[in-house]
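Thank you all for making time this morning. I would like to walk you through one model, and I will ask you to keep the structure open while I talk.

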Amino acid sequence: MATTKPALADLDLRLGLYRVMVACRRFETRAQELFFEGLVRGTTHLGIGQEAVAAGFAAAMRADDYTFATYRGHNHALARGTPMGPLYGELFGRANGLMGGKGGSMHITSAEHHMMGSYAIVGAHLPIALGAAWSAQYRKSGQVAVCFFGDGTTNIGAFHEALNLAAVWKAPVVFVCENNQYMEYTAIAAVTAVARPAADRASAYGLEPIVVDGNDVDAVHEVAVATLGRARGGDGPSLVEAITYRHGGHSRADPGTYRPADEVSSWLARDPITTYRARLEAVGVDAADLDRIEAEATAKVAAAEAAAREAPEPSPDVIETEVWADGSSRWRN
Amino acid sequence: MALKTFIEAVREGLREEMVRDESVIVLGEDVGKKGGVFLATDGLWTEFGDDRVIDTPLSESQIVGTSIGAAIGGLRPVAEIQFADFIHPAFNQLVSEAARLRYRSNNGYSAPMVVRAPYGGGVHGALYHSQSVEAFYTHVPGLKVVVPSTPYDAKGLLRSSIRDDDPVLFFEHKKMYRSVRGDVPEGEYTVPLGKAQVTHPGTQVTVIAYGLMAHYALEAADRVAEENISVEVVDLRTLRPLDKETVLDSVRKTGKCLIVYEDNRFGGYGAEVAAIIAEEAFDYLDGPVTRIAGPDVPGVPYNHVLEEWFMVNPEKIADGIRKLAAY
Ligand SMILES: Cc1ncc(C[n+]2csc(CCOP(=O)(O)OP(=O)(O)O)c2C)c(N)n1
Ligand SMILES: [Mg+2]
């Protein structure tokens, strides 16, 4: 088969998808090392292996569309354009952090980038994302809210409450289930009445079951374009199930040994980044261009890490700020 | 000035805010065509239509969660929880999300919204239609909690709550909806959040109350006035932020303080007020800070004798005042 150069517009898009995925991977890989070094405290939940979902959707979103994500949210923040320096700063809890050190890894928020938060109470953000979509519908702003969550989330009431009302309202919201096969340490299949935790519930709310290979960024992007377009066009919500896998454990130092070795190795072979690189090379993209993208990501990560390392700890004075609208935690009479 | 019922004042406040500001939206179970089970939103759907007065599914966490998202997106939702007793499914959304958005985003965004809920006993509502729930929420920094006692305050405080940039819980005592009337002026006025009011000046004992209890405190003050006990009644109006200055000024003057609340005594809102007085006005006290509050049983019982036993009333308050005055 002769390799043909892809059309330029298409190529820009695809190199962009690659750039985002690589940036996410480098950022998170280093974040994990920094966790073991003790610089990132508490916990981290990495999306290594799931980058294609974040990249594919973000590339289809308008700058003012809303992202709502979970504690596994670094990739989504990065894909929406959140800069790495303040993101590492937040992971380190430093004053230069996105939220001044108040949030940490699990609660990444950047209103400026319409990254409306990583939520750590499972399911809570689905009704909230619906509310944001409703406001867009009311304001006729044309914005869409995209809400990412895990397979485990499909068994909590808020998932069902949000889907029902989103369908009733024909709200401009896209619910994206990143089915990485596991809750924390329990396989989703062991605790769910249907095989496809999200898609098999869609019909209960009058929605089409949409399943996509969550490790194929082109496929994700195509679904994202279609569902965002549908939402923006007034045709209502979608529920997308993206089948994917986290390469590591649920969080922190979890080695994920509750997963069969052959299952892990088969998914590692389907790494969304290496497979995409192979696909791009197969259509004639220069390996050197891809190498350059990788080198750029590495350099950005290093610069961001350095900036965050140098940033001071927040002053204790900030603990009582931004509690109420008057800026304080105390009422001023 | 026109004489209005408490619920008419709430309705007028809602309506006038909706006229003033297109981003004000009302949602809840049966709030549209029916106008709410207590008719607090009666007529709003006819006037403002489906886009702004929304009948929701029966899902309280959804009602509050969706309001949070809408507020993030620039609307000013006013959600009705049919009875305060049913707010618990939304506890997570209020405490984990609404209260925390501003802090967690370092002021990147917040949830300016109001959650209205009828609370309180004395209407034979029994175990699941009578509770006071304010203490769960006054505990949470980031939330504001308002409990008006008069039609004037209900309207003025509701307007301020809708305009406030923080999430506000607005508790309306259901027994007052039609039994309490008061003057409500025509035209625009607001009552600021975080300001208590001395509703009965006096010199010997301070009685601090809110909601229905603010009325009962006034009745009790009248009763003991005949016995030459001079009582100062402070109606808190906003529980959080608490107007400490008005409370402490009164206690420093009288030297004695009785706190009244309908909720279960143990861990109730008044316990916090008592602690603040003990910490900040100890040198002025001539007696213990005492409380008249609901008994520690898990719900307001149904039978009228039992319900009367549960409910704080003017005579129970008057007794509390007498004991303190004799100190
Ligand atoms: C309401 C609630 N219950 C439990 C937890 C603890 N918890 C955190 S993540 C998680 C598993 C969620 O699985 P899934 O939705 O598949 O997301 P994933 O972590 O796989 O991305 C659990 C049980 C929580 N954060 N919130
Ligand atoms: Mg999962």
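**Domains, helix packing and a ligand shell**

Let me begin with chain B, which is divided into domain 1, covering residues 2-184, and domain 2, covering residues 197-325. Please bear in mind throughout that this is a predicted model. The C-alpha centres of domain 1 and domain 2 of chain B lie 26 Å apart, and the contact between these two domains takes 26 residues from domain 1 of chain B and 24 residues from domain 2 of chain B. On the domain 1 side of chain B, the elements that each supply at least two residues to the contact with domain 2 include helix H6 (134-138), strand E6 (144-146), helix H7 (151-163) and strand E7 (168-173) of chain B. Sorted by class, that side of domain 1 of chain B has 12 nonpolar, 10 polar and 4 charged residues.

Let me turn now to the contact between the chains, where 37 residues of chain B are in contact with 36 residues of chain A. Helices H3, H4 (91-98) and H5 (101-104) of chain B each supply at least two residues of the side of chain B that touches chain A. Which of the elements of chain B gives the most to that side? It is H3(B), with 9 residues. By class, the side of chain B that touches chain A has 9 nonpolar, 19 polar and 9 charged residues.

With H3(B) in view, we can look at the helices of chain A that pack against it. H5(A) and H3(B) pack at an angle of about 50 degrees, with their axes 6 Å apart, and these two helices are therefore oblique to each other. The crossing of H5(A) and H3(B) is right-handed. On the chain A side, the residues that meet H3(B) include Pro127(A), Ile128(A), Leu130(A) and Trp134(A) of H5(A), and their partners in H3(B) include Gln62(B), Gly65(B), Ile68(B) and Ile72(B). By class, this contact of H5(A) with H3(B) has 9 nonpolar, 8 polar and no charged residues.

The contact is made by Gly157(A), Ala158(A), Glu161(A), Ala162(A) and Leu165(A) of H6(A), together with Ser61(B), Gln62(B), Gly65(B) and Thr66(B) of H3(B). In terms of class, the contact of H6(A) with H3(B) has 3 nonpolar, 5 polar and 1 charged residues.

H5(A) passes H6(A) in a left-handed crossing. Here Leu126(A), Pro127(A), Leu130(A) and Trp134(A) of H5(A) meet a set of H6(A) residues that includes Ala158(A), Phe159(A), Leu165(A) and Trp169(A). By class, the contact of H5(A) with H6(A) has 10 nonpolar, no polar and 1 charged residues.

Next comes the ligand. Of the 15 residues around ligand 1, those that come nearest are Val122(A), Gly150(A), Gly152(A), Thr153(A) and Met183(A). The shell around ligand 1 has 6 nonpolar, 6 polar and 3 charged residues.

Finally, I would like to point out two details of the backbone. The peptide bond from Arg240(B) to Pro241(B) is cis, with omega near 0 degrees, and Pro241(B) lies in the loop between strand E12 (238-240) and helix H10 (244-254) of chain B. In chain A, phi of Glu322(A) is near 60 degrees, a positive value in a residue other than glycine, and Glu322(A) is placed in the segment after helix H11 (287-310) of chain A.

Methods:
Residues are numbered from 1 along each chain as its sequence is written. Chains are lettered from A and ligands numbered from 1 in the order in which they are written. This is a predicted model: local features need pLDDT of at least 70, side-chain atom pairs count only at pLDDT 80 or more; totals for chains, interfaces and linings use all residues. Two residues are in contact if their C-beta atoms, placed from the backbone, lie within 7 Å. Helices (H or I, at least four residues) and strands (E, at least two) are DSSP runs, numbered from the N terminus. Ala, Val, Leu, Ile, Met, Phe, Trp, Tyr, Cys and Pro count as nonpolar, Asp, Glu, Lys and Arg as charged, and the others, Gly among them, as polar. A residue is near a molecule or strand if its C-beta atom, placed from the backbone, lies within 6 Å of it. Domain bounds come from an automatic or database domain assignment. A crossing is left-handed if the near helix is turned anticlockwise from the far one by less than a right angle, and right-handed if clockwise. Axes are lines fitted to C-alpha atoms, for helices over the stretch in contact, and angles run from 0 to 180 degrees between N-to-C directions. Angles under 35 degrees count as roughly parallel, over 145 as roughly antiparallel, 65 to 115 as roughly perpendicular and the rest as oblique.
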